[in-house]
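Look at the sequence and the model together.

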Amino acid sequence: HRLIDSDTLELTGRLAAPPNAKARLELRRDGDAATTLSYPLTPADGGAPGDFRATVALADLRAAEREDSTWELWVRPGGGPLPLRLPDTAPAGTWPLGDREVVLLGDRNGNASLAERAPRPVVTGAEWGTGAMLRLEGRLHEGLTLTELTLQSRTGSERFGSVECSGDRFEATLDVGGIESLAGRRPLAKG
């Protein structure tokens, strides 16, 4: 996947056989087959026989009512639809769309989707510092400011002790060995 100009996303992949003339990439909004966008699959230049490419205009994904939306990705190589898989090794993709963003995501089953949503910070690195200090670094969407970062789990949340921003980058640190609680300072709980 890559942005080929400021508003067109190119998605590539591999089918078991070369795509036929009717092969399509389908995007289904929030799992609703009634709201479907369709784009031709074409053979990828210089690739293996089953390699394909499809281009998607990012503006097509914009939700008219300005709510976040998710588009499941399906391929129709010539027969029924098959979910497009996103390999674990695929790099993350995030592209600006005006004051929104489009993100390539994989679900727990490895199926690919595109999310059109309000911009969010993206963690690009994590490392342990001295003691039990967790340091995160990442990037911000243009115009997005970050004043705090919260670590959430099913059982609660913790605010990172410090957040520093510089341009489109941020750094945050959290002492996971000393979280304040009613029982005093405790290590961050599992989960």
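The text below covers strand pairing and then salt bridges.

The model is predicted: local features need pLDDT of at least 70, side-chain atom pairs count only at pLDDT 80 or more, and totals for chains, interfaces and linings use all residues. Residues are numbered from 1 along each chain as its sequence is written, and side-chain values use heavy atoms, with hydrogens and water left out.

**The sheet**

An open sheet is built from 4 strands, in the order β12-β13-β17-β16. Its pairing is antiparallel. Strands here are DSSP runs (E, at least two residues), numbered from the N terminus. Two of them pair if DSSP finds at least two bridges between them. The edges are β12 (122-128) and β16 (162-166), each pairing on one side only. From one strand to the next, the twist averages 20°; axes are lines fitted to C-alpha atoms, and angles run from 0 to 180 degrees between N-to-C directions.

β12 and β13 (residues 133-139) run antiparallel and are joined by 6 bridges. Gly125 stands opposite Glu137 in β13.

**Salt bridges**

Side chains of opposite charge can pair when their charged atoms come close. A salt bridge here is a side-chain nitrogen of Lys or Arg within 4 Å of a carboxyl oxygen of Asp or Glu. The whole structure holds 13 of them.

| Pair | N to O distance |
|---|---|
| Glu10 and Arg53 | 2.6 Å |
| Asp68 and Arg100 | 2.9 Å |
| Arg120 and Asp68 | 3.5 Å |

Glu10 and Arg53 form a salt bridge. The pair links distant parts of the chain, 43 residues apart: Glu10 sits in strand β2 (residues 8-14), Arg53 in strand β6 (residues 51-57). Glu10 is buried at 7%. Arg53 is partly exposed at 26%.

Asp68 meets Arg100. This pair spans 32 residues, from the loop between β6 and β7 (69-76) to strand β10 (residues 100-106). Arg100 is buried, with 5% relative accessible area, whereas Asp68 is partly exposed at 40%.

Asp68 also meets Arg120. Arg120 lies in the loop between β11 (112-117) and β12, and Asp68 in the loop between β6 and β7, so the pair ties together parts 52 residues apart in sequence. Arg120 is partly exposed, at 39% relative accessibility.

Technical notes:
Buried means under 20% relative accessible area, exposed over 50%, partly exposed in between (1.4 Å probe, protein chains only).
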